[in-house]
Amino acid sequence: MRVPTPNPPPGIIGQDRSRIAPSYAVFPAEGIMDSLLPDWPGCILRFQATPHLGARFAQALAIIPAGCGTAGALDARVQHFLYVQQGEVEATVGGAAHRLVPGGYCYVPEGVPLSLRNAGEAEARALWVRKRWQPAPGVAKPEPIIGHRDTAEREENGPRWRVLLLGTRNMPMDFEMNIMGYAPGAHFWCVETHVMEHGMVMLQGQCLQMLNRDWHELWEGDFVWMGPFVPQQIYATGSGDCEYLLYKDVNRDVEL
Ligand code: UGY
Ligand code: MN
């Protein structure tokens with residue numbers, strides 16, 4: 001017998017907001033399909049960006065059911081960053097276990113083993129970023145960083161704020177992860193273009209995001225990849241604060 005399926009929410013087919021352009025991409029969360037990986041038994045990965053898209057990093061939403069986690073240590077040839085959005089995750093970084101609750105995060109340099117397991121009874125969700133470390137002359141290797149957004153360095157700028165999860169001007173690091181915040185109606189002060197690229201995940205609220213010459217409406221869960229130099233600006237819309245988690249490659253010269 002045919003089982004009736006519920007109607008999809010209005011707009012997700014005919015008015016779908018997903019886009020791929022030469023230097024950016026917009027992926028609403030509900031359209032990103034599942035991947036299963038041998039080193040994440042029982043878990044689901046929803047990839048948001050990989051080098052196939054044009055990005056020089058990989059980013060995915062990891063969905064970790066209770067009792068699940070990584071099979072062992074993840075690939076230590078690359079750097080890892082994990083930001084917990086839901087549930088509790090135990091991250092074992094170089095042999096030391098850390099319990100991460102929502103807003104908690106860890107950065108793990110190359111060469112340091114990282115394994116993960118759901119430490120609670122409910123499903124856990126975390127954003128997982130990976131990047132190959134780019135050495136620079138005279139620059140030391142980075143150290144692991146464990147933190148929580150509530151205790152991270154925070155800059156206030158009128159109706160805008162920035163939470164610097166991995167510190168400022170930290171030269172060993174070749175990428176930053178920041179939370180950018182805007183009160184309703186606030187906007188970034190210019191149309192920016194820069195050599196860095198971004199992976200952006202909407203954590204809360206709504207906005208209009210300019211990418212090249214196009215405006216896109218974004219809300220919670222949406223992912224945006226911005227390639228180098230793509231003109232970008234944001235206006236916070238909606239009635240509540242707008243916040244997004246932002247990957248940015250920094251502190252390294254261009255490769256010629
Ligand atoms: O740090 C940044 O480049 C930031 N202002 N970009 C952005 O929010 N799209
Ligand atoms: Mn930017």
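1. **Ground rules.** This is a predicted model, where local features need pLDDT of at least 70, side-chain atom pairs count only at pLDDT 80 or more, and totals for chains, interfaces and linings use all residues. Residues are numbered from 1 along each chain as its sequence is written, chains are lettered from A and ligands numbered from 1 in the order in which they are written, and side-chain values use heavy atoms, with hydrogens and water left out.

2. The residues around ligand 1 are Met180, Phe188, Glu192, His194, His198, Met226, Gln232, Tyr244, Leu246 and Lys248. A residue is near a molecule if one of its heavy atoms lies within 4 Å of it. By type, the shell has five nonpolar, three polar and two charged residues. Here Ala, Val, Leu, Ile, Met, Phe, Trp, Tyr, Cys and Pro count as nonpolar, Asp, Glu, Lys and Arg as charged, and the others, Gly among them, as polar.

3. **Where the shell comes from.** Strand β20 (residues 242–249) gives the largest share of the shell, three residues. Strands (E, at least two residues) are DSSP runs, numbered from the N terminus.

4. Look at the oxygen atoms of ligand 1. A side-chain N or O atom of lysine 248 is 2.8 Å from an oxygen atom of the ligand. For histidine 198, the distance from a side-chain N or O atom to a ligand oxygen is 3.1 Å. A polar side-chain atom of histidine 194 also lies 3.1 Å from an oxygen atom of ligand 1. The protein buries 94% of the 270 Å² that ligand 1 exposes when taken alone. Such areas come from the Shrake-Rupley method with a 1.4 Å probe; for residues, only the protein chains shown count as cover.

5. **The pocket.** Which space does ligand 1 take? The ligand takes the largest pocket. A pocket is an open set of points on a 1 Å grid over the protein atoms alone, with protein on both sides within 12 Å along at least five of seven lines. A molecule sits in a pocket if more than half of its atoms lie within 2 Å of its grid points.

6. **Methionine 180.** This shell residue is found in strand β14. Methionine 180 has a relative accessible area of 12%, so it counts as buried. Buried means under 20% relative accessible area, exposed over 50%, and partly exposed in between (1.4 Å probe, protein chains only). Its C-alpha atom is 17 Å from that of valine 129, 51 residues apart along the chain.

7. **Two buried polar contacts to check.** Aspartate 174 lies in the loop between β13 (160–164) and β14 (175–182). At 1% relative accessible area, aspartate 174 is buried. A polar contact of 2.8 Å joins its side chain to that of lysine 131. Histidine 216, in strand β17, is buried too, at 9%. The side chains of histidine 216 and tyrosine 24 make a polar contact of 3.1 Å. A polar contact is a pair of N or O atoms within 3.5 Å; within protein, one must be able to donate a hydrogen and the other to accept it, and residues adjacent in sequence count only if both atoms are side-chain atoms.

8. **Positive phi.** Which residue in the loop between β16 and β17 (214–219) deserves a look? Asparagine 212 lies there. Asparagine 212 has a positive phi of about 55° although it is not a glycine. With 34% relative accessibility, asparagine 212 is partly exposed. Phenylalanine 229 has a positive phi of about 75° and is not a glycine either. Its place is the loop between β18 (223–226) and β19 (232–237). Is phenylalanine 229 buried or exposed? At 52% relative accessibility, phenylalanine 229 counts as exposed.

9. Methionine 210 sits in strand β16 (residues 206–211) and is buried, at 4%. Methionine 210 and glutamine 233 are 23 residues apart along the chain, with C-alpha atoms separated by 4.9 Å. Cysteine 190 is in the loop between β14 and β15 (198–204). Cysteine 190 is partly exposed, at 23%. From cysteine 190 to glutamine 233 the C-alpha separation is 6.7 Å, across 43 residues of chain.

10. **Phenylalanine 27.** This residue belongs to strand β2 (residues 24–27). Phenylalanine 27 counts as buried, at 17% relative accessibility. Phenylalanine 27 and cysteine 242 are 215 residues apart in sequence and 18 Å apart in space, C-alpha to C-alpha.

Conventions:
On a 1 Å grid over the protein atoms alone, a cavity is a set of points where a 1.4 Å probe fits but cannot get out, and a pocket is an open set with protein on both sides within 12 Å along at least five of seven lines; lining residues have an atom within 4 Å of a point. Helices (H or I, at least four residues) and strands (E, at least two) are DSSP runs, numbered from the N terminus.
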